[in-house]
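Keep the viewer open as you read.

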Amino acid sequence: MEFVSIIDDEATVRRATSSLLRSLGFSVQTFVSAEEFLDSEFAMTTSCIVSDVHMQGMSGIDLFMRLQSCERKIPFIFITAFAEEVVRQRVGQDVCVLQKPFEAEVLASCIEQALSS
């Protein structure tokens, strides 16, 4: 079963995104911070990460960069309230970056594409 980790410091975003993904058949775990995710048992077993860019402590981009240096590359999707192009300059063109608010179908498509890569 595909397991998706949602990392966002806003409770309403975590709740809405996890509810959406569960309705699409994904197993979901939510985290309030990148540090909480890294300290969890799910850090090594997640199939895909959906993360906010700007959070307290470690940013989503910092987490992405840290995980890219690991042996196991975890597919990553960014959700952001900031300019998409600014994020793309830091993470590259191959990573899905969605600007808030985003359409449910677009997020689902990004996840399906990330998991099939």
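This is a predicted model: local features need pLDDT of at least 70, side-chain atom pairs count only at pLDDT 80 or more; totals for chains, interfaces and linings use all residues.

Residues are numbered from 1 along each chain as its sequence is written, and side-chain values use heavy atoms, with hydrogens and water left out.

Start with H5, residues 104–116. Helices (H or I, at least four residues) and strands (E, at least two) are DSSP runs, numbered from the N terminus.

Which residues of H5 are buried? Taking buried as under 20% relative accessible area, exposed as over 50% and partly exposed as in between (1.4 Å probe, protein chains only), the buried ones are Leu107, Ala108, Cys110, Ile111, Ala114 and Leu115. They sit on the same side of H5, because they cover an arc of only 160° around the axis, the arc being that of the directions from the helix axis to the C-beta atoms. Over on the other side of H5, Glu105, Gln113 and Ser116 are exposed.

So what covers that buried side? The cover includes helix H1 (11–23) along with strands E1 (3–7), E3 (48–52), E4 (76–80) and E5 (96–99).

The axes of H1 and H5 come within 11 Å and cross at roughly 65°; axes here are lines fitted to C-alpha atoms, for helices over the stretch in contact, with angles running from 0 to 180 degrees between N-to-C directions. That makes H1 roughly perpendicular to H5, since angles under 35 degrees count as roughly parallel, over 145 as roughly antiparallel, 65 to 115 as roughly perpendicular and the rest as oblique. Thr17, Leu20 and Leu21 in H1 meet Ala104, Leu107 and Ile111 in H5, where contact means heavy atoms within 4.5 Å.

Now step into the loop between E5 and H5, where you'll find Pro101. The peptide bond from Lys100 to Pro101 is cis, with omega near -10°.

Helix H3 (residues 60–68) has Gly60, Ile61, Leu63, Phe64 and Leu67 as its buried residues. Their arc around the axis is only 160°, which puts them on the same side of H3.

Gly60 turns up again among the contacts of Ser51, a residue of strand E3. Ser51 counts as buried because its relative accessibility is 0%. Leaving out residues up to four places away in sequence, Ser51 also touches Ile7, Phe76, Ile77, Phe78 and Ile79.

Technical notes. The expected span of a helix is 1.5 Å times one less than its number of residues.
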